[in-house]
Amino acid sequence: MITFEGAAKLYPDGTVAVDDLDLTVETGQTTVFVGPSGSGKTTSLRMINRMVEPTGGAVLIDGDDIRGRDPAELRRSIGYVIQQAGLFPHRTVRDNIATVPLLLGWNRSRARARADELMELVGLEPSQAGRYPHQLSGGQQQRVGVARALAADPPILLMDEPFSAVDPVVRASLQDELLRLQADLHKTIVFVTHDIDEAVRLGDRIAVFRPGGRLAQYDTPENLLAAPRDAFVESFVGYDRGVRRLSFFPARDLSLREDVVFGDGTPVTEAAAVARGKGEPWVLVVDGDRMPLGWAAADRLDRAPAGAALGSLDLAPYGHTFDVGADSLRAALDAAVLSPAGRAVGVDSEGRVAGVVTQDDLGTALWSVAE
Amino acid sequence: MGGAWEWAVGVLDWGVANWSYPGEPDRGILPRLTEHMRLAYLSILIGLAVAVPLGLACVRWKALYPPVLTGVNVLYAVPSIALFFLMLPYTGFSDWTAVVPLALYTLVILLPNVVDGLRQVPEHVRQAAVAMGFSPLRRLVFVEMPVAVPVVIAGLRVASVATISMVSVASLVGLGGLGQLILSEGFRRQFDAPIVVGVLLTVLLAFVTDALLVLAQRGLTPWARRDDRRSGRGRRAVARASAGAAARAGSGTPAGERTTPGERQPWTS
């Protein structure tokens with residue numbers, strides 16, 4: 001547990017970086033500090049390992065004031081991941097990862113064995129152990145940075161905008177990796193970002209900082225999106241917070257319709273009759289394994305030659321699907337919006353069609369979770 | 001064509017005949033060559049031994065750098081002949097008469113390279129080292145100095161070529177290694193073979209020394225062979241430092257204070 005007790009950082013020129021911060025970071029959770037630049041989030045993070053000394057108040061780890069600890073020693077017990085990875089260019093990947101164990105006086109072979117173990121943990125190939133940082137991609141460098149921070153198995157991990165210098169695709173995979181690691185390791189993670197989406201994705205709790213170094217709101221991601229405390233937080237979390245909040249609700253409760261799903265061997269006339277009977281403008285065509293093939297519009301069915309099978313028609317692409325078991329309402333909504341039929345295709349984990357969600361049903365589900 | 005060939009054979013014959021004299025260790029070309037190497041290498045090593053701590057001090061205490069750099073540049077502007085003669089009353093005809101001025105001259109190249117080398121350590125690398133729990137001294141020895149090595153060696157290459165060439169001037173005060181072949185045996189006796197041999201050996205020595213430094217750099221900094229898209233600031237800094245140093249060594253005019261990128265706080269906690 002990390003406790004900020006009225007912590008403040010006032011620079012001699014009068015700039016207030018952090019103003020009277022009271023906040024408790026729970027053990028084993030990911031706490032995200034988020035805010036625009038100049039809001040004191042990085043300064044607050046760096047108070048935890050004494051890279052910044054508060055000018056007022058105190059920071060406590062498990063109840064002990066960290067001012068009683070030698071800075072270098074304290075830092076060896078706290079993992080740190082920095083924005084551009086900060087890898088040592090003159091050391092191989094393995095030696096970079098072994099940095100803190102070596103500082104702690106482990107012998108070389110033990111430190112290297114630990115480094116190899118961590119490379120596997122963060123998804124690096126063993127063949128990369130002897131490479132130098134400049135030979136790696138940005139994403140790989142950041143993995144090395146995470147491995148290096150974890151090397152001595154510190155209970156606390158500080159991450160200062162670690163993923164903001166990589167492209168969005170790599171960033172998403174690094175975020176997934178961090179979630180996976182954290183599910184196993186249960187570190188006390190303090191993560192700084194200016195990206196509210198990243199905060200919502202990774203955080204168990206989110207601290208929103210406002211310019212001037214003040215804490216605006218400290219809450220769970222769900223509450224933050226549902227009930228921003230004031231206009232600043234509301235504007236910071238974004239106008240589409242309602243939609244983003246849907247990612248906290250599972251899609252499995254949606255009612256799926258199977259009556260408008262037809263195999264590709266079904267005669268067109270049969271599908272047309274069902275569509276007409278139910279007033280459905282679209283039917284979904286699947287193959288023998290129930291893999292989606294595409295949408296057929298009801299008015300096209302009427303014009304199709306008698307006796308033809310659905311599979312012989314030109315079908316509109318089915319677009320994105322959502323995984324009924326694993327995805328959220330947000331993914332279902334996204335699938336519906338991107339579908340030419342305006343309907344979302346729900347699939348199981350194998351990609352087989354479980355059913356389709358119509359706009360009415362989706363709307364009902366969305367309203368039921370709104371407030 | 002035939003004349004040139006005979007001339008070249010004549011020079012070669014002279015070189016072979018005068019290479020060394022058994023029983024007279026101070027006579028011949030070989031003793032001049034070893035003297036040349038001794039004077040040049042000693043000057044470079046002493047220059048480096050002064051430039052590193054001086055550079056560290058200039059990075060640690062920023063205010064020190066401008067006056068020190070100016071001083072070193074002004075010193076470089078003093079003609080070497082004058083400095084050799086000024087040394088004579090104190091050091092006589094010992095090696096130091098040549099070595100002290102030559103070592104001082106190397107500073108004009110080595111000092112800025114040591115300072116630039118230390119300053120070009122990327123800020124995020126420095127921050128990471130702090131956060132990992134390196135003490136200030138360990139950070140300097142294990143992170144900042146190793147990262148500065150390529151830039152320092154780039155400076156050493158320029159400084160050693162310049163010094164090897166300048167040793168010859170010390171023949172005016174009775175030292176100077178291969179320069180003595182050129183001055184005493186060549187110009188004074190109106191004889192071209194010693195001049196040609198002296199020049200060729202000087203160039204060869206500079207070339208071999210440079211090659212050895214390149215090999216040393218490859219061995220010491222395998223990580224600096226930037227062969228891919230991420231050829232970051234390290235190589236640029238090396239190029240910039242050696243280009244700047246070469247410009248100064250070549251023209252002999254002292255450069256003004258250089259602008260350095262970024263405000264950094266070196267190894268203060």
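How many helices and how many strands are there in chain B? I counted ten helices and zero strands in chain B, where helices are DSSP runs (H or I) of at least four residues and strands (E) of at least two, numbered from the N terminus.

**Conventions.** I noted that this is a predicted model, in which local features need pLDDT of at least 70 and side-chain atom pairs count only at pLDDT 80 or more, while totals for chains, interfaces and linings use all residues. Residues are numbered from 1 along each chain as its sequence is written, and chains are lettered from A and ligands numbered from 1 in the order in which they are written.

**Chain B overall.** I read the elements from the N terminus on as α-α-α-α-α-α-α-α-α-α. I then looked up burial: 39% of the 269 residues of chain B count as buried, that is, with 20 or more other C-beta atoms within 10 Å of their own, C-beta atoms being placed from the backbone. Next I took contacts, meaning C-beta atoms within 7 Å. Of those in chain B between residues at least 6 apart in sequence, 73% join residues at least 24 apart.

**Helices 7 and 9 of chain B.** I found that the axes of helix 7 (residues 136–166) and helix 9 (residues 192–220) come within 9 Å and cross at roughly 170°; axes are lines fitted to C-alpha atoms over the stretch in contact, with angles from 0 to 180 degrees between N-to-C directions. Helix 7 of chain B is therefore roughly antiparallel to helix 9 of chain B, a label for angles over 145 degrees. I listed the residues making the contact, among them B:Val149, B:Ile153 and B:Leu156 of helix 7 and B:Leu205, B:Thr209 and B:Leu213 of helix 9.

**Nonpolar cores.** I looked for sets of buried Ala, Val, Leu, Ile, Met, Phe, Trp, Tyr and Cys residues joined through C-beta atoms within 7 Å. In the largest such core, of 118 residues, A:Ile97, A:Ala147, A:Ala151 and A:Leu158 touch the most other members. Helix 7 of chain B gives the most to this core, with 14 residues. A second, separate core of 40 residues includes A:Leu254, A:Ala272, A:Val283 and A:Leu313.

**A:Leu103.** I located A:Leu103 in helix 4 (residues 99–103) of chain A. Why is A:Leu103 counted as buried? A:Leu103 is buried because 21 other C-beta atoms lie within 10 Å. Leaving aside residues up to four places away in sequence, A:Leu103 touches A:Arg76, B:Met132, B:Gly133 and B:Phe134. I noted 7.9 Å between the C-alpha atoms of A:Leu103 and A:Arg76, which are 27 residues apart along the chain.

Methods: Buried ≥ 20, exposed ≤ 12 C-beta atoms within 10 Å, placed from the backbone. Contact = placed C-beta atoms within 7 Å. Parallel < 35°, antiparallel > 145°, perpendicular 65-115°, else oblique.
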